[in-house]
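Please read the following account alongside the sequence and the three-dimensional view.

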Amino acid sequence: MTNPRLANIPSIGVDRMGDAADAAHDPDILRLENLDTDLPPPKEAIMASHQALENDACNSYLPFHGQRALREAVVRHVGNLSGITYDWESQCVISAGACNGVFNTLLALIQPGDEVILADPIYVGLLNRVRLAGGVPRFVPLNPDASGWRLDVDALKRAVTSKTRVVLMVSPAMPTGGVLNREEWEAIAEVCRKADLSLLYDAAQERILFDGRPYIHPASLPGMAERTITVGAVTKEYRMIGWRVGWVVGPQKPLADVMRVGISNVVCQVGIAAPGAAAALSSSHDGVAEAVAEWQKRRDTLLDELSGLPVRAPGGGWCLLVDVQELGFDCEEASRLLMKKGKIAATPMRNWGSERASAYVRFVYSNEPVARLKGVRERVRAAWGT
């Protein structure tokens, strides 16, 4: 019998597609299913990580909330982006990646039955964590339009009930790549202030912005510093996926609860990974701008290859969606055909939000160079006949 706690916790789908692609042992398969990247981390991060292997202080559970040098680097980083000054000791805790930070924060903020507002479609891993924490998701549509993806602000206002406790937002969003603009952030802030809600901001991809889009940190908006909790990581911007280092930064009172939860869930971050993360955050040559420029080239190449299909340009991040329902396919069948006939590993979006997410298949462009992305058109035509 399935544990009732897991009744609404589906597979993320990426694991299944990744396993299938690995099992094929075929280098011609395009790996567009998982959020990986082939772009290297900062050199300083690699050097610091090598040195950490021989540092006995890194081979320890302590300090439970994260090494001081890393926490100081994190609050400088978040402070520079938000314009808010944070205390490294009482307003920052290190987590084992961003999703661990999100889960710990949800466990600290909500009670069973409390509602959490999320954009739709949404990464199923975040949705699953809301449910595991006892929360009830309330979806607000991200709608495709000529500019990409736009948050339904009117639906956001209607989504708030007496049970709402948290608004969880990701920008650039995943899997759409939609980037919240100032009007949307201001609407979110107004809702949070009016209903006395916490804003949980997943900032894991926050500077992966394309086409000159401006950066906006929600804590910088009036009245939002005291209710915004920022969760970030070195995973994507710094290309440090395997380090599994993230952070939670925010007001002192909720952060004290997040710290208590963290000790009981995973206990602490990976000690030998911390110096590398601190080095990346402190580097003057972190390679973020160059990486974003390369990812934009890959996005543009993939958009060109998919021209004529129902796809919206992501404003940032590592992936985009194709509306296969509009083409007459079920997302699972579309994904199966891509692998079988086109040698493309791509993830169906069933369970990634409400039922509307099932219209899409996700293509990740961060892990394949432009040269390999060229030719996607013919692979898709072979798979779908389009």
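Strand β12 is joined to strand β13 (residues 360–364) by 2 bridges, and the two run antiparallel. Strands here are DSSP runs (E, at least two residues), as helices are (H or I, at least four), numbered from the N terminus; two strands pair if DSSP finds at least two bridges between them. Within this pair, threonine 347 lies opposite arginine 362 of β13. This is a predicted model, in which local features need pLDDT of at least 70 and side-chain atom pairs count only at pLDDT 80 or more, while totals for chains, interfaces and linings use all residues. Residues are numbered from 1 along each chain as its sequence is written, and side-chain values use heavy atoms, with hydrogens and water left out.

The open sheet consists of 3 strands in the order β10-β13-β12, with antiparallel pairing. Because β10 (319–323) and β12 (347–348) are edge strands with a single partner strand each, one side of each has no neighbour in the sheet.

A nonpolar core is a set of buried Ala, Val, Leu, Ile, Met, Phe, Trp, Tyr and Cys residues joined through side-chain atoms within 4.5 Å, where buried means under 20% relative accessible area (1.4 Å probe, protein chains only). The largest such core has 123 residues, and Met169, Ile188, Leu306, Phe363 and Trp384 have the most contacts inside it. Apart from it lies another core, of 5 residues, including Met17 and Met339.

Methods:
Buried < 20%, exposed > 50% of the residue type's maximum accessible area, 1.4 Å probe, protein only.
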